[in-house]
Amino acid sequence: MKASEITARRNRISELLYQNQTMKVTELVAIFNVSDETIRKDLSYLEDEGILIKKYGRAELVQQEELTPVINRTPIHLDKKRQIAEKAAEQIPKHSCSIGLDQGSTVALLAAKIQKLSEKQIFTGSLAAILELVNSQHQIYCFGGRYAFNDMAFHNDTSIELYPDIQLDLCFFGSSGVQNREGFCTSSLVDAEIKRKLLKKSAKKIVLLDNTKFESTSLVQVASWKEIDLVITNHFISQKDRERISAQTELITV
């Protein structure tokens, strides 16, 4: 079976769980017309991703608070996010380069900083970032896909390669809550797959997260801190979090 088919089935299982909260193994076997063993492997994978908890003969969705839409998130902790965006902009070289922009309110604020820079090649699925860049001189490429209102971003088919021939010089990632996690996170399995594809295409990987992200958790860990080149956050984070991240990658606090 192709990897794309496995990913598509697991994404669909996640969607069914979001809709129904719980699903029986026998139901999933019937829906996908695969073996009991195949479904159990899928559920084990999704459990490791933090999507669900396996119970006897069924799977239950892990409950979390619903994320506020990006358009409403941006004004929250605005000064802190702007400081992070300003520091992130310093990482961008003056010469022409290719930049990936993930979704999220802090990344959108970074896009506003990039708007004033000399011409770059920008790759993103974030409508919020695109709106900040529409009147700029940059070359803008959108990944496209189904529009997700809460994220203000396009979620493409995860089985399709994102611009297969490109290599990004650097990419900026957003994150949802990282409390008690060993890396940056998202609330969506689909978004996690998109982020992982961007990670593979990026020479330098930078995560932007304000200190409030250390006070909540998320369903899916995208990648460990050691897979990231730089984390930029506020100086308000705890000493424990500083030491935990600094032991695995470069950390800048503002």
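1. Buried means under 20% relative accessible area, exposed over 50%, and partly exposed in between, with a 1.4 Å probe and protein chains only. By that scale Asn33, with a relative accessible area of 70%, is exposed, and Asn33 is found in the loop between H2 and H3. Helices (H or I, at least four residues) and strands (E, at least two) are DSSP runs, numbered from the N terminus. Although Asn33 is not a glycine, its phi is positive, at about 55°.

2. This is a predicted model, in which local features need pLDDT of at least 70 and side-chain atom pairs count only at pLDDT 80 or more, while totals for chains, interfaces and linings use all residues. Residues are numbered from 1 along each chain as its sequence is written, and side-chain values use heavy atoms, with hydrogens and water left out.

3. Gln21 also deserves a look: this residue is not a glycine, yet has a positive phi of about 75°. Gln21 sits in the loop between H1 and strand S1 (22-24), and with a relative accessible area of 34% Gln21 is partly exposed.

4. Seven strands form an open sheet in the order S6-S5-S4-S9-S11-S13-S14, with parallel pairing, where two strands pair if DSSP finds at least two bridges between them. Because strand S6 (139-142) and strand S14 (250-253) stand at the edges with a single partner strand each, one side of each is left without a neighbour in the sheet. Neighbouring strands of this sheet are turned by 20° against each other on average, direction ignored; axes are lines fitted to C-alpha atoms, for helices over the stretch in contact, and angles run from 0 to 180 degrees between N-to-C directions.

5. Which residues have the most contacts inside the largest nonpolar core? They are Ile13, Leu28, Ile39, Leu43, Ile51, Phe184 and Val231, in a core of 44 residues; such a core is a set of buried Ala, Val, Leu, Ile, Met, Phe, Trp, Tyr and Cys residues joined through side-chain atoms within 4.5 Å. The largest share of this core, six residues, comes from H8. A second, separate core of 23 residues includes Val107, Ala111, Leu133 and Ile252.

6. The axes of H1 and H8 come within 9 Å and cross at roughly 145°. Thr7, Arg10, Asn11 and Ser14 of H1 make the contact with Leu189, Val190 and Glu193 of H8.

7. The place of Ser96 is in the loop between helix H5 (78-89) and S4, and Ser96 is partly exposed, with a relative accessible area of 47%. Residues up to four places away in sequence not being counted, Ser96 touches Glu119, Lys120 and Gln121. The side chains of Ser96 and Gln121 are joined by a polar contact of 3.2 Å, that is, a pair of N or O atoms within 3.5 Å, of which, within protein, one must be able to donate a hydrogen and the other to accept it, residues adjacent in sequence counting only if both atoms are side-chain atoms.

Notes:
Contact means heavy atoms within 4.5 Å.
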